[in-house]
Amino acid sequence: MTIQPSPVPVAGTRFVCGLIGSGIGESLTPAMHEAEADRRGMPYVYRRTDLTALGLSPEEGVGLIRPAGLLGFSGLNITHPCKRLAVEHVDELSAEAATIGAINTVVFDGGRVVGHNTDVTGFAHGFARDMPEVALGQVVQVGAGGAGAAVAHALVSLGAGRLVVADLDPGRAAALATSVAGATGAEVVSAGLGDLPAQLSRADGVVNCTPVGMAQHPGTPFDPDLLDPRHWVVDVVYRPLVTELVRAARARGCRVATGAGMAIGQAVDSFALFTGVRADPDAVAADFARLVDTEGRQDAHA
Ligand SMILES: NC(=O)c1ccc[n+]([C@@H]2O[C@H](COP(=O)([O-])OP(=O)(O)OC[C@H]3O[C@@H](n4cnc5c(N)ncnc54)[C@H](O)[C@@H]3O)[C@@H](O)[C@H]2O)c1
Ligand SMILES: O=C(O)[C@]1(O)C[C@@H](O)[C@@H](O)[C@H](O)C1
């Protein structure tokens, strides 16, 4: 699951990239891309197309993908609620994107429009950096939506022995477990939220892929008293970075990673696809921490 960058850009290439999605006004991805390009002296602009602000539907949003290529964009990130719909607007999909059925990155490669999923690779890179050598015998994942689909594939690629997926919507959890198990041959099962105490008691770690912990969805996705110090905990929510779950898990002595790892990882991988240049993840992580501070975000540090 390695991102293969496009050919190294010709000197003097100017990059125009963007993000299409709803409610993306606070996204840090544009600033992460531009900071990396500035460091390298690459002319690079990264624009937001916020469908909410523009009063556009998700269908109208994905309808902008091909025209962006014709207008000379180098690439696009695609976010909620367009990641699945966007698959219908590309000529070709990377292996991960085809398996998941969702894309967050589009590259205009000559006349062809190619879709990728750097949420998968980005989570995997972030996890490898933040949680080296943790046990992966049994992993519980709460949340089977867009982020959950990417994370489940990434956890299997990282070597999760048994992955248990739970969601408020049991049908969604079951469908994701079946699809990941079918695509990878890994042991992936779904469980009801009521089974979480038993599943967590046998788990090495847990990943939150629900929006619970964001300002609009306060709280924790499960009772933190189910956590022991032996559990590792990853929360993919990154607004705020330090969620109630992160705080509670730290207080219980767990090894904890925030949503920063995935946010940085997807940006590094998309930048490579757009430009052919591999960003230094440590430098992008430093940019991310500075941006979080500069923008006065809550509990900036992981
Ligand atoms: N760090 C990153 O780079 C990154 C990337 C993508 C998404 N995210 C974050 O991940 C979160 C989820 O995003 P998404 O696009 O997958 O959303 P989504 O709406 O597609 O899916 C969320 C899922 O969580 C489930 N859910 C909600 N509350 C629950 C609860 N209490 N218990 C169990 N399941 C519950 C829903 O039923 C749904 O299936 C958001 O906060 C988003 O900002 C972070
Ligand atoms: O940081 C964001 O706003 C993102 O929308 C987060 C996630 O959805 C990624 O897949 C996008 O590339 C960028």
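This is a predicted model: local features need pLDDT of at least 70, side-chain atom pairs count only at pLDDT 80 or more; totals for chains, interfaces and linings use all residues.
1. Leaving out residues up to four places away in sequence, Ile20 touches Thr49, Leu51, Gly61, Leu64, Ile65, Leu76, Asn77, Ile78 and Thr79. The residue lies in strand 1, which covers residues 15-21. Ile20 counts as buried because its relative accessibility is 4%, and the cut-off for buried is under 20%.

2. How far apart in space are Ile20 and Ala249, C-alpha to C-alpha? The distance is 34 Å, and 229 residues separate Ile20 from Ala249 in sequence.

3. Asn77, one of the residues that Ile20 touches, belongs to strand 3, formed by residues 75-78. Is Asn77 buried or exposed? With a relative accessibility of 2%, Asn77 counts as buried, since the limit is under 20%.

4. The surroundings of Asn77 deserve a separate point. Its side chain makes a polar contact of 3.2 Å with the side chain of Thr105. Apart from neighbours within four places in sequence, the residues in contact with Asn77 include Gly18, Leu19, Ile20, Thr29, His33 and Tyr46. Asn104, Gln266, Ser270 and Phe274 are also among them.

5. Helix 1 spans residues 29-39, and its buried residues are Thr29, Pro30, Met32, His33, Ala35, Glu36 and Ala37. An α-helix has 3.6 residues a turn, so residues three or four places apart point the same way.

6. Just after helix 1, Gly41 adopts a positive phi of about 70°.

7. The chain as a whole contains 12 helices and 12 strands. Its radius of gyration is 19 Å, close to the 19 Å that the globule rule gives for 302 residues, so the chain is as compact as a globular protein of that length. Along the principal axes, the C-alpha atoms fill a box of roughly 55 × 40 × 40 Å.

8. Burial and contacts can also be stated for the chain. Of its 302 residues, 52% count as buried. Where contacts link residues at least 6 apart in sequence, 70% of them join residues at least 24 apart.

9. The accessible surface of the chain is about 12,600 Å², and carbon and sulfur atoms account for 54% of it. The chain has 22 positive and 32 negative charges, whose mean positions are 2 Å apart.

Key. Residues are numbered from 1 along each chain as its sequence is written. Chains are lettered from A and ligands numbered from 1 in the order in which they are written. Side-chain values use heavy atoms; hydrogens and water are left out. Helices (H or I, at least four residues) and strands (E, at least two) are DSSP runs, numbered from the N terminus. The radius of gyration is taken over C-alpha atoms; the globule rule is 2.2 Å times the number of residues to the power 0.38. Buried means under 20% relative accessible area, exposed over 50%, partly exposed in between (1.4 Å probe, protein chains only). Contact means heavy atoms within 4.5 Å. Accessible areas come from the Shrake-Rupley method with a 1.4 Å probe; for residues, only the protein chains shown count as cover. Lys and Arg count as positive and Asp and Glu as negative; His and the chain ends are not counted. The place of a charge is taken as NZ of Lys, CZ of Arg, CG of Asp or CD of Glu. A polar contact is a pair of N or O atoms within 3.5 Å; within protein, one must be able to donate a hydrogen and the other to accept it, and residues adjacent in sequence count only if both atoms are side-chain atoms.
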